Amino acid sequence: MKIPLNFIARYCLLALLGALSVHVKAQTQVLVEAESFDDPGGWVIDQQSFPVIQSSYLMAHGMGRPVADATTTVRFEQPGTYHLWVRTKDWAPFPKGPGKFQVWVNGKPAGGVFGESGSVDWKWYYGGEVKVDEADAEIRLKDLTGFNGRCDALLFSTSGSEPPQDSAGMSGLRHELLSLDQTRKEAGHFDLVVVGGGIAGTCAAVVAARLGLKVALIQDRPVLGGNNSSEVRVHLRGDIDKNHHPKLGRVVRELDNGDPGNGNPSGSDYGDKRKLDVVSYEKNIDLYLNTHVYQVEMEGGRISAVIGRNIKTNREVRFTGTYFSDCTGDGTVGYLAGADYRMGRESRAETGESLAPEKADDFTLGTSNLWASLPVDSVTSFPETPWALPFSDEYHIDEERSDWQWETGFGNMNTITEAEKIRDHNLRAVYGNWSYLKNNKTEKYGKRELAWVAYIGGKRESRRLLGDHVLTQMDIQEGKMYPDATVTATWTIDLHFPQKENSLYFPGEEFFAGTEHIRVAPYTIPYRCLYSRNIPNLFMAGRNISTTHVAFGSTRVMRTCGMMGEVVGMAASIAKAHNTTPRGVYEDHLDELVAMIKD
């Protein structure tokens, strides 16, 4: 068949115009993710709200002192006049918060001051027109207060149309302009994919690797250790020397950097390097730091792959695996895969536990943001904080350093979807109390300064993934010894609640906790608590294992969680050797697992 030349010409012209229109569209919108700036300066990257806003962001965490500018260079293939949009929020709108910052383009401020809108929601705010004369433009985020101003992204557009404000629209814009799907890389196939690099996940990865498995260890922060890292600074608890299986806990010992207490002003005391060295030594572990897993692929009811996004570069990586271990604490992988889970407290009628409430509810243990001050040579000042929680002579907390009691989120806020709100409430408490101490107790606090305030929340409780056995108060207090007994736990049943005096002065806004330690004899956790009852290739270790809320009060401490990880690493090696499932290890190879635990 002969095609006329004029038809070919028209087709080529249309194709060329289509290609040009696509090119123009791509170049008339330039999306700049703040967390991807070339130099963050004194700003920090926060990924804790990723489940809500599908992104990390930059935050000016200066503890009341303005931080150094974040800077980057942006390439504009079409110089001209652009409309600037800034995605930010007012984190403490009481009525207006202190997180003020400016955006500078090529040495000039654009759009005024951001972060003081009085709206707590993440939104695009218009920053006016910006003229770009050259291909490369220098962008600066200039912090004005040091009080946690935050920026998610900047959008330069030749159109004056408002960008999508909803989460789904923003996710689509991000995928389109950053070409996330097209730039995704394959990490390869692994025998065991461990998501979560806290003590539990690190132990699971190390043991599995030493037993010959090819392991991916994925952590959403730049350091390992979770709550026992320099970012959160919680000391390890639970004994490893009272085991029915005395060899269990060896990897926990390797990671343990001693006991500096909670909230020590020296971050090096928590052993970030020690943990990294242990993992880096293992040739069978591929370590991915700064990688937040947010998507799961399923095949035949099993997890076939997880997808993570780098919290700084936004580049995505896909991991395929035979087995997966959810060590995220939040049960993120299980939740995305459709695993059965529970969040909150069961009723007494449901569990038969004397410590359970009469009615089931959403109450969870809270999140801590610890802090510490240090002495200095001369008297220093600290600003008044009208946007923070109010303290007075009648009620304030007279401490030079925090401990675990600084805790928020007792069922009144969701520890996953409102993690940012919980952290911000903690910050309002810390800064408000410190401002009171500095300005009203100068004899004691005049020559002290805040040395460190955690901006990453130390979370205690969220989802609990359900296994073939759900550990209960009776299992613990009666010391039941099941055939699949593995980890020996020793911590008390330690269920936090708002401190009464704190509730009196801050009803519904508590940030200070109390507890009653119910002591227990050493007891064992069945292996059946460490794998999902409905996702056949999913293990779990850490605070998200299969327990009731009451039992969780004892199992959640990190040395105990680390031993769970060790057991998961062993079970995964047996599962691979016999080409079976985590449940198959219990049903057909339990003697082999118990023998391995006993070494």
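Reply: A disulfide is taken to be a pair of cysteine sulfur atoms within 2.5 Å, and the model to which this is applied is a predicted one.

Me: How do you know that the sulfur of C203 is too far from the closest cysteine sulfur for a bond?

Reply: The closest cysteine sulfur to that of C203 belongs to C327 and lies 9.4 Å away, whereas a disulfide needs the two sulfur atoms within 2.5 Å, so this pair is too far apart for a bond. By this rule the count of disulfides is zero.

Me: Why does C203 count as buried?

Reply: Buried means under 20% relative accessible area, and because C203 has a relative accessibility of 0%, it counts as buried. C151 is likewise buried, with a relative accessible area of 0%.

Me: What puts the buried residues of helix 17 on the same side?

Reply: In helix 17, which spans residues 590–598, the buried residues are L590, L593, V594 and I597. They cover an arc of only 95° around the axis, and therefore lie on the same side of helix 17. Among the elements that cover them are strand 24 (485–489), helix 15 (558–578) and helix 16 (582–588).

Me: Why is helix 15 called oblique to helix 17?

Reply: The two helices pack at an angle of about 140°, with their axes 10 Å apart. Since angles over 145 degrees count as roughly antiparallel and 65 to 115 as roughly perpendicular, the angle of about 140° makes helix 15 oblique to helix 17. Their contact includes V567, M570 and I574 of helix 15, together with L593 and I597 of helix 17, and the crossing is right-handed.

Conventions. Residues are numbered from 1 along each chain as its sequence is written. This is a predicted model: local features need pLDDT of at least 70, side-chain atom pairs count only at pLDDT 80 or more; totals for chains, interfaces and linings use all residues. Side-chain values use heavy atoms; hydrogens and water are left out. Buried means under 20% relative accessible area, exposed over 50%, partly exposed in between (1.4 Å probe, protein chains only). Helices (H or I, at least four residues) and strands (E, at least two) are DSSP runs, numbered from the N terminus. The arc is that of the directions from the helix axis to the C-beta atoms. Contact means heavy atoms within 4.5 Å. Axes are lines fitted to C-alpha atoms, for helices over the stretch in contact, and angles run from 0 to 180 degrees between N-to-C directions. Angles under 35 degrees count as roughly parallel, over 145 as roughly antiparallel, 65 to 115 as roughly perpendicular and the rest as oblique. A crossing is left-handed if the near helix is turned anticlockwise from the far one by less than a right angle, and right-handed if clockwise.
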